[in-house]
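Q: I have a model open and want to learn how to read its features. Where do we begin?

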Amino acid sequence: MAGWLKALAYGAGGVAVAGLAALVALQDRIVYVPVLPGLARAYPFTPARLGLAYEDVWLRAADGVRLHSWFIRHSPTCRGPTILFFQENAGNIAHRLEFVQLMMQRLQCNVFMLSYRGYGESDGYPSQKGITYDAQAALDHLVQRKDIDTSRIAVFGRSLGGAVGAVLAKNNADKVAALILENTFTSILDMAGIMLPFLRWFIGGSSSKGPKLLNCVARSPWSTLDIVAEVKQPILFLSGLQDELVPPSHMRMLYDKAFEHNRNCRFVDFPNGMHMDTWISGKERYWRTIQLFLDQYAPEVQSCDDASCKSEIAEDGNCSAPFHLKKPKL
């Protein structure tokens, strides 16, 4: 019996050592994928290819890293909300332009797209601490702009971007009006247990069981489940129930945790939504959900009398004019 126990202990120790080596060596490559296989790191095209008016914005993070971003304006006179968009972990912001184009059409909004450090044309190497700096630099830039309504800045994050956005919203309750999370994980630690099942007993977030011996070596835990409990702003959770990467249960857990502390939370699921295409499969309901949320929690504040404001909009025509979509030339 003692021999079996000793063998079991050695086996468990061997798994822990192997897991430790794998985490130390491969974790950044798993969490951050700035270059998709077979593609260049450079942007395949810019917003101009889709007929979008945009501005190249260069930022400096708090640690001095130079960052690139795009500010894409809906129209000069429409002071709708501004969406600070945080992408998933793979590829670069150009790969999200078709989504952003439709977002601008449906929500009548401006969009600010940040390239994380190590992605696109931004310098540096990605890390949780560094990307947190990057997100803060983007928000600090937006709140200083004179050409947007800074009271209507909403953060939108999908997958990894949701983890980034949640941290930013928590740290800036006075600057971010609302937070939208789509197909976001509870933590990278929990995702490690899913992607590497043999490590599940040794690693995990606050909701997992087991000794979690390997948590200490994770450089980018992104513990979103703990963060959402501290977010004071309204939160919209968009969950694709066919998500093949992040279990949909993660989004439900995030909502339940947030709702314990924040009653201004909304959870909407989409039965056919996968990790990257919930906005496609959700169709009209997807965009209507976001529009109603923004109308409630990031509403327009009229600074002039109703008659003159309506007159300005009518004369310009841009706010109500259709925003024509163009297919990207890849």
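A: With the labels. Helices (H or I, at least four residues) and strands (E, at least two) are DSSP runs, numbered from the N terminus. Keep in mind that this is a predicted model.

Q: Where is Asn183 placed?
A: Asn183 sits in the loop between strand E6 (178–182) and helix H5 (188–195).

Q: What should I look for in its backbone?
A: Most residues other than glycine have a negative phi. Asn183 is not a glycine, yet its phi is positive, about 45°. Lys283 also has a positive phi, about 50°, and is not a glycine either. Lys283 belongs to helix H9 (residues 283–297).

Q: Is Asn183 buried or exposed? And Lys283, buried or exposed?
A: Asn183 has 1% relative accessibility, so it counts as buried. Lys283 has a relative accessible area of 61%, so it is exposed.

Q: How do I describe two packed helices?
A: Give the angle between their axes and the distance between the axes. Helix H3 (residues 128–144) and helix H4 (residues 160–171) pack at about 60°, with axes 10 Å apart. That angle makes H3 oblique to H4. The crossing is right-handed.

Q: Which residues of H3 and H4 meet?
A: From H3 come Ile131, Thr132, Ala135, Gln136 and Leu139; from H4 come Val164, Val167 and Leu168. Six of these contact residues are nonpolar, two are polar and none is charged.

Q: How many residues has the largest nonpolar core?
A: It has 50 residues, and Leu84, Phe86, Trp222 and Phe237 have the most contacts inside it. H4 gives the most to this core, with seven residues. Apart from it lies another core, of 37 residues, including Ile93 and Val111.

Key:
Residues numbered from 1 in each chain as written. Predicted model: local features only at pLDDT ≥ 70, side-chain atom pairs only at ≥ 80, totals over all residues. Heavy atoms only, no water. Axes fitted to C-alpha atoms, helices over the stretch in contact; angles between N-to-C directions. Parallel < 35°, antiparallel > 145°, perpendicular 65-115°, else oblique. Left-handed = near helix turned anticlockwise from the far one by under 90°. Contact = heavy atoms within 4.5 Å. Nonpolar A, V, L, I, M, F, W, Y, C, P; charged D, E, K, R; others polar. Core = buried A, V, L, I, M, F, W, Y, C linked by side-chain atoms within 4.5 Å. Buried < 20%, exposed > 50% of the residue type's maximum accessible area, 1.4 Å probe, protein only.
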